[in-house]
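Student: I would like to learn how to read a protein model. Could you take me through one?

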Amino acid sequence: PNAAVDVRNITTIGTNATIKSNADARINLSGLASIGGALSISNNTNCTIDLTALSQTGALSIVDNADSTISRLFNLERADSIHLRGNIDT
């Protein structure tokens, strides 16, 4: 990834959050712990997305992220629903 989006100081988002249609980017949301609404991550290509601190969100949708790496969600305690599609490293 070439570009960097460093927003690791954000800890809470009160409503929905979307990460969509990025290419060749490193997206650092490593401090984000809580999202009050839904989280959608879609159509990103060759990106790394760090969500290691995420512990709660509404609906979680991670779909169609070609050649992208999304951090494991070890701290996720609550999600209203989860929809995953694509290559997932377990």
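This is a predicted model: local features need pLDDT of at least 70, side-chain atom pairs count only at pLDDT 80 or more; totals for chains, interfaces and linings use all residues.

Student: How do strands make a sheet, and in which sense do E6 and E8 pair?

Tutor: Strands of a sheet pair through backbone hydrogen bonds, and the pairing is either parallel or antiparallel. Here E6 and E8 pair in the parallel sense, over four bridges. E6 covers residues 39–42, and E8 covers residues 56–63. As an example of a bridge, Ser-40 has Ser-61 in E8 as its partner.

Student: How many bridges join E8 to strand E10?

Tutor: Seven bridges join E8 to E10 (residues 78–85), and these strands run parallel. In one of the pairings, Val-63 has Arg-85 in E10 as its bridge partner.

Student: What is the order of strands in the open sheet of four strands?

Tutor: The order is E1-E4-E7-E9, with parallel pairing. E1 (3–6) and E9 (69–70) stand at the edges with a single partner strand each, so one side of each has no neighbour in the sheet. The partner of E1 is E4 (residues 25–28), and four bridges join the two. Within that pair, Ala-3 stands opposite Ala-25 in E4.

Student: What does Leu-60 touch, beyond residues up to four places away in sequence?

Tutor: Leu-60 touches Leu-39, Leu-73, Leu-76, Ser-81, Ile-82 and His-83. As for distance, Leu-60 and Ala-3 are 57 residues apart in sequence and 25 Å apart in space, taken from C-alpha to C-alpha.

Student: What about a serine: is Ser-42 buried or exposed?

Tutor: Ser-42 has a relative accessible area of 8%, so Ser-42 is buried. Its place is in strand E6. Setting aside neighbours within four places in sequence, Ser-42 contacts Ile-19, Lys-20, Ser-21, Val-63, Asp-64 and Asn-65.

Student: Which residues have the most contacts inside the largest nonpolar core?

Tutor: A nonpolar core is a set of buried residues of nonpolar kinds, such as Leu and Ile, joined through side-chain atoms. The largest one here has 15 residues, and those with the most contacts inside it are Leu-39, Ile-41, Ile-49 and Leu-51. E3, E4, E6 and E8 each supply at least two residues of this core. Take Ile-41: beyond its neighbours within four places in sequence, its contacts include Ile-19, Ile-49, Leu-51, Ile-62 and Ile-70.

Student: Last, the backbone angle phi. What should I look for?

Tutor: Most residues other than glycine have a negative phi. Ser-21 is a case, with phi near 60°. Ser-21 sits in the loop between strand E3 (17–20) and E4.

Student: Where is Asn-46 placed, and what is its phi?

Tutor: Asn-46 is in the loop between E6 and strand E7 (48–50). Its phi is positive, about 55°, although Asn-46 is not a glycine. With a relative accessible area of 30%, Asn-46 is partly exposed.

Definitions and conventions. Residues are numbered from 1 along each chain as its sequence is written. Side-chain values use heavy atoms; hydrogens and water are left out. Buried means under 20% relative accessible area, exposed over 50%, partly exposed in between (1.4 Å probe, protein chains only). Contact means heavy atoms within 4.5 Å. Two strands pair if DSSP finds at least two bridges between them. A nonpolar core is a set of buried Ala, Val, Leu, Ile, Met, Phe, Trp, Tyr and Cys residues joined through side-chain atoms within 4.5 Å.
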